[in-house]
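Subject: Handing over a structure

Hi,

Here is the structure I promised to pass on. Please have it open while you read, as my notes follow below.

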Amino acid sequence: MRSIGLHHVTAIAGPARRNLDFYTRTLGLRLVKKTVNFDDPGTYHFYFGDAAGSPGSILTFFPWEAAGTGRAGVGETQETAFRIPEAAVSYWTERLIGAGLAPDLPEKRFGETVIAFKDPDGMRIALVGVPGIEAEPAWAGGEVPEAHAIRGMHSVTLLLKEAGATADILTDVFGFEEAGREGTRIRYRAPGVAVGGIVDIREAGGFLSGRQGRGSVHHIAFRAADDAAQAEMVEKLTARHGRHVTEQRDRNYFRSVYFREPGGVLFEIATDDPGFAVDEAPEHLGEALKLPAQYEAHRAEIERVLPQVA
């Protein structure tokens, strides 16, 4: 199977207004969809990404105002990384310091410069300087100049007790290939995929398990071109890897199935279609509160309960 990489990452945040401000203003991402948690309509679901809301550029959040703090540990997504032009590393270092975020000192990973930091809720984010991406399109409607802007997702890092069984799923089901090792970090790459094409695994046996909460990643999603490709992945997961996979769920902008990989991380497989422009024109993405059909009759009550955001 030819891999097309990551679709999105979904995390848990605290106050909605703070989450929205940080990712649109400080990081300069576009709010491409403002909806609600389909399983908890009293909570927003924000989708941040590039200008078009392309798969592989999307970071989403469930912002619960009173969410308790998560605990970092084994069995979770430890870090979510975005691509920036290599020449923008200095700009971003200064910008993050200016925002009071105290980023880690830049480090090299597999030859690329990485700036790691925590967002206001404690979620670990990294910006990775990638050469040769300056001409790629970027969202120019925010506060970050287009020349320095984020160009989609770079990678996710999983912190696991053991890598083997998870690596088998990455390679056999999702088409990734092992691309190198540095210390405890094993890199898997989707051949030919520039945006959202990398999953790193760090082995850390003996550490405490992670506990989800504010600042934690809830799940990561891999791309499937369509329903047929998704069904093929599900067949491999059940027949070859013994995973229990949920029934398909319609999320309006993609169709999803979910399963726990052997290390404990919740994985999703999301279709590329129909995309975020299915209910808003591309130039107006993220402007209106969009509700799934089953909640439309309760719009007034939902809007009353949700925190006020601009």
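Asp 121 is buried, at a relative accessible area of 6%; here buried means under 20%, exposed over 50% and partly exposed in between, with a 1.4 Å probe and protein chains only. Asp 121 sits in the loop between strand 7 and strand 8. Helices (H or I, at least four residues) and strands (E, at least two) are DSSP runs, numbered from the N terminus. The side chain of Asp 121 has a polar contact with the side chain of Arg 18 at 2.4 Å, and that of Asp 121 also reaches the backbone nitrogen of Gly 14 at 3.2 Å. By polar contact I mean a pair of N or O atoms within 3.5 Å; within protein, one must be able to donate a hydrogen and the other to accept it, and residues adjacent in sequence count only if both atoms are side-chain atoms. Setting aside neighbours within four places in sequence, the contacts of Asp 121 are Ala 13, Gly 14, Pro 15, Arg 18, Arg 214 and Gly 215, where contact means heavy atoms within 4.5 Å.

Before going further, a word on the source: this is a predicted model, in which local features need pLDDT of at least 70 and side-chain atom pairs count only at pLDDT 80 or more, while totals for chains, interfaces and linings use all residues. Residues are numbered from 1 along each chain as its sequence is written, and side-chain values use heavy atoms, with hydrogens and water left out.

Asp 172 is partly exposed, with a relative accessible area of 22%. Its side chain makes a polar contact with the side chain of Arg 240 at 2.6 Å. Neighbours within four places aside, Asp 172 is in contact with Lys 236, Arg 240 and His 241. From Asp 172 to Met 233 is 61 residues in sequence, and 9.1 Å in space from C-alpha to C-alpha.

Which residues of helix 3 are buried? They are Thr 166, Ala 167, Ile 169 and Leu 170. These cover an arc of only 160 degrees around the axis, which puts them on the same side of helix 3; the arc is that of the directions from the helix axis to the C-beta atoms.

Helix 2 (residues 89–98) has Val 89, Trp 92, Thr 93 and Leu 96 buried. Their arc around the axis is only 105 degrees, so they are on the same side of helix 2. An α-helix has 3.6 residues a turn, so residues three or four places apart point the same way. The buried residues of helix 2 pack against helix 1 (16–26), strand 5 (76–85), strand 7 (112–118) and strand 8 (124–130). On the face turned away from the buried side, helix 2 carries the exposed residues Ser 90, Glu 94 and Gly 98. Just after helix 2, Gly 100 has a positive phi of about 75 degrees.

Rings of Phe, Tyr and Trp (its six-membered ring) pair if their centres lie within 6.5 Å; planes under 30 degrees apart count as stacked, over 60 as edge-to-face and the rest as tilted. The rings of Phe 174 and Phe 267 have centres 6.4 Å apart and planes at 55 degrees, so this pair is tilted. The pair links distant parts of the chain, 93 residues apart: Phe 174 is in the loop between helix 3 and strand 10 (177–182), and Phe 267 is in strand 16 (residues 266–271). Phe 259 and Phe 267 form an edge-to-face pair, because their ring centres are 5.7 Å apart and their planes at 80 degrees. Phe 267 is buried at 0% relative accessible area, and Phe 174 is buried at 2%.

Happy to talk any of this over.

Best wishes
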